[in-house]
Amino acid sequence: LTQMFFWSWLVISFKDEYYGALLFLFLFFVQFYLLVLIEHYQQNRKITAFQGFIILSNNLSLFAGSICIFKNYPVDLRGVITIIIAALNAIPMVLLFKDQKADKRLIYLLIAIVLTFVSLAIPIQLNGCAITMFWAAETVLLLWLWQKSGIKVFKYGFTVIEILVFISLLMDWSGFYRNHITILPVILNKPFITGAIITISVWINAWLLKKETGKEFLPGISANLNRVFSFTGIILLFFTLFLELQYQMIRFYEPASFRYVIYGLYSYLFAGILTLICRNKKYWTNTLYCIVLGLSILYILLYNPFVFQVRGDVMYGVLSSWGYFSMHYFTVLAVIYFLIFLLQKRKETSIIDKHSEGLIYWFATIISMIILSIEIDNILLMIFFNGTNQEHLLNISHNILYPIMWGIASFVLMVIGMKRKSRDLRIISLSLFVLIIAKLYLYDIWKMEQTGRIIAFIFLGVLFLLVSFLYQKLKVLLMKEEEEKKDSQEKIDHFH
């Protein structure tokens, strides 16, 4: 009845009696809290549902009443009020925690109340990125407290707040980067700093979760979450940097083709650095192999069209210099490293069957030949383009330089295949020779000038003679190899 009288006055007649009203509200809170604790100790220290209801409603009454009292106060005190209520609940929580005979359910209830009010304090007082960063710091604290105390409430609180962190981060990024609320400075801006802090918190949690490997974290969820969090941190870092890059590129560079080339460059360099760092971690091998394989294909299908657009923009004055176009060569270096990685790790990944290892040689050769052919065009245009001779330069490249370059590549592959005794490389080399001959006689010869024909045929003739000589050597090597195999097999049979 006293509470009803107080709340009737607070809703109907309250004006500015801030401290008097707060004093009564605080006395109600202390009175009911003490009554519950006294009754708890008198009844064999087992908390009842009614006692739990009183504690919860008591906290709710204090919180709602305080917000109502100070809603028109000149200073916004909502966050301070929330923290004070959390501290008031923390006092009995600490005292009960030291008492080994105290009911754990009561302790868990108080911990949950403290965590709830602490988590609400920042969103109530602040907004936007501050909420996300505070929650991220809280996840680290909760995970650490769970590992130190073994109290499951901390673990469940960590799980819930971690989910809220990701949702809040997506809202922050959408608000700043997508809606363009304000002009953001480079790097030193709220969404970028928030993303960086969230990434760091996720990696700290991954480090803490290493201690739980092999155990069950939640029902049905393995405790090998450290790898999940590590990978999540990498994804967060990628998008934190990418969204900042995208925003600033849109702000400073008008041609869309150049922006897309830079986005691709960033993606390939990021993947290259990640591959370089994690290449010797066995549990990363399959993941990296898939990423590298996909990016190598996308370079030809998706990235190169934007490179061609930038080349055209430079040639016809939309962009001021070839420096813009040259940026894509860093991406080429990344793809070369990807192909080397694919070849080196082909036996360590479960993605490639042992009987299909030769496919990686074919894949690497095809990608390499396409890139080399495209770059011959690019280099020729960069050096000799004068505004009107693009078609002439490309004809020279396609009809003369392509066969020469492919012939050299075929010769190199044959030498490597013989040196490493690789049947796949030798077959690829011969296939490339067949392609050169087919292209030369079916297409190039009809478009070449007389001088170009003579040069191409002489060069290819020399290459064919060298290959013929190498094959004579190869026969001897193969015969020796077969004899050695027979001798070793005979020795094994004799031993048995």
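This is a predicted model: local features need pLDDT of at least 70, side-chain atom pairs count only at pLDDT 80 or more; totals for chains, interfaces and linings use all residues.
Local features were taken at pLDDT of at least 70 and side-chain atom pairs at pLDDT 80 or more, whereas totals for chains, interfaces and linings use all residues. Residues are numbered from 1 along each chain as its sequence is written, and side-chain values use heavy atoms, with hydrogens and water left out.

Helices are DSSP runs (H or I, at least four residues), numbered from the N terminus. Helix α6 (residues 129-149) packs with α8 at an angle of about 10°, the axes lying 9 Å apart; axes are lines fitted to C-alpha atoms over the stretch in contact, and angles run from 0 to 180 degrees between N-to-C directions. The two helices α6 and α8 are therefore roughly parallel (angles under 35 degrees). Contacting residues (heavy atoms within 4.5 Å) include Met133, Val140 and Trp144 of α6 and Ile197, Ile198 and Leu208 of α8.

Ile197 also belongs to a nonpolar surface patch of about 650 Å², together with Val186, Ile187, Leu188, Ile193, Phe252 and Tyr253. Ile187 is located in the loop between α7 (152-178) and α8 (190-209). With 42% relative accessibility, Ile187 is partly exposed (between buried, under 20% relative accessible area, and exposed, over 50%; 1.4 Å probe, protein chains only).

Two salt bridges are present (a side-chain nitrogen of Lys or Arg within 4 Å of a carboxyl oxygen of Asp or Glu). Arg78 pairs with Asp76, with 3.1 Å between the closest N and O atoms. Arg78 is partly exposed at 39% relative accessible area, as is Asp76 at 35%. In the Lys345 and Glu348 salt bridge, the closest N and O atoms are 3.3 Å apart; Lys345 is buried, at 6%.

Terms used. Patches are made of residues with over 30% relative accessible area and no salt bridge: like charges are joined within 9 Å, nonpolar side chains (Val, Leu, Ile, Met, Phe, Trp, Tyr) within 5 Å. Accessible areas come from the Shrake-Rupley method with a 1.4 Å probe; for residues, only the protein chains shown count as cover. Angles under 35 degrees count as roughly parallel, over 145 as roughly antiparallel, 65 to 115 as roughly perpendicular and the rest as oblique.
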